[in-house]
Amino acid sequence: MTAYTIDFSPITKLTDEQFDLLCEANPEIKFERTPTGELVIMPPTGGETGRGNAKLTSRFVVWSERYGLGEVFDSSTCFRIPSGGDRSPDVAWVEKSRWDALTPEQQRKFPPICPDFVLELLSPSDNLTATQRKMQEYLTSGIRLGWLINPEDKQVEIYRPGQEVEVLQSPSSVSGEEVLLEFSLNLEWIWR
């Protein structure tokens, strides 16, 4: 299963309203949009990736409910990020005061906010270079911490504003640092 990117720029540029209508008319298809306006059609995940995403999201939800510092979102949530894209990270977290500052209408639709934290779990259908570009989009838009987990190469890339990307080889865990207070993600189950 492969993600497909369609460049409509020779004929049109999808407005936010047109993108919203396209998503509403095709609820069974997961779309993203790059900052340059390219439409990305995302394939459904396979069993391994879906299982991994569910485990990851559950760990963030348990932490979030315990500390109450913000809101966790799964991969079906599309954020309208400031750099111009519409992106759906595998796991996202938004600090409570920033989420609460959005209107109810903004919270219902594609939230016009960049999460404070994003996690992308590289699946067999994902292209590493394209996913790294997506992580850079999140940085440009204001994430405070990002993790790109690559199970095949047993690596985690850590993205922080104003810093070089840190690459960890087979770490047993990663820390939420000052962004996700008291959070640590055990990764040993991913490397098996």
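**Contacts, charge pairs and cores**

User: Leaving aside neighbours within four places in sequence, what is Asn53 in contact with?

Analyst: Asn53 is in contact with Thr45, Asp90 and Leu121, where contact means heavy atoms within 4.5 Å. Please note that this is a predicted model, in which local features need pLDDT of at least 70 and side-chain atom pairs count only at pLDDT 80 or more, while totals for chains, interfaces and linings use all residues. Residues are numbered from 1 along each chain as its sequence is written, and side-chain values use heavy atoms, with hydrogens and water left out.

User: Where does Asn53 lie, and is it buried or exposed?

Analyst: Asn53 belongs to helix α2, residues 47–67. Helices (H or I, at least four residues) and strands (E, at least two) are DSSP runs, numbered from the N terminus. Asn53 counts as buried because its relative accessibility is 8%; buried means under 20% relative accessible area, exposed over 50%, and partly exposed in between (1.4 Å probe, protein chains only).

User: Switching to charges: how many salt bridges are there?

Analyst: The whole structure has 16 salt bridges, each a side-chain nitrogen of Lys or Arg within 4 Å of a carboxyl oxygen of Asp or Glu. One of them joins Arg144 and Asp116 at 3.2 Å, N to O.

User: Why does that pair tie together separate parts of the chain?

Analyst: Arg144 is in the loop between α5 (128–141) and β9 (145–150), and Asp116 is in the loop between α4 (104–108) and β8 (117–121), so the pair connects parts 28 residues apart in sequence. Arg144 is partly exposed at 33% relative accessibility, whereas Asp116 is buried at 2%.

User: Which residue pairs with Lys134?

Analyst: Lys134 forms a salt bridge with Glu120 (3.6 Å, N to O). This pair links helix α5, which holds Lys134, to strand β8, which holds Glu120, across 14 residues. Both Lys134 and Glu120 are buried.

User: Which residues are linked in a network of salt bridges?

Analyst: Asp16, Asp20, Arg33, Arg80 and Asp86 form such a network.

User: Which residues of helix α1 are buried, and why do they line one face?

Analyst: In α1 (residues 16–25), Phe19, Asp20 and Cys23 are buried. Viewed down the axis of α1, these buried residues fall within an arc of 100°, so they line one face of the helix; the arc is that of the directions from the helix axis to the C-beta atoms. They pack against β2 (30–33), β3 (39–42), β5 (79–80) and β6 (86–87). Glu17, Leu21, Glu24 and Ala25 are exposed on the face turned away from the buried side.

User: And the largest nonpolar core: which members touch the most others?

Analyst: Among its 23 residues, these are Phe60, Phe117, Leu119, Trp147, Ile149 and Leu185. A nonpolar core is a set of buried Ala, Val, Leu, Ile, Met, Phe, Trp, Tyr and Cys residues joined through side-chain atoms within 4.5 Å. Two or more residues of this core come from each of α2, β7 (91–95), β8, β9, β10 (155–159) and α6 (188–191).

User: What lies apart from that core?

Analyst: Another core, of 17 residues, lies apart from it, with Phe73, Val118, Met135 and Ile143 among its members.

User: Finally, what is Leu185 in contact with, leaving aside neighbours within four places in sequence?

Analyst: The contacts of Leu185 include Leu56, Arg59, Leu119, Trp147 and Ile149. Ser172, Ser173 and Val174 are also in contact with Leu185.
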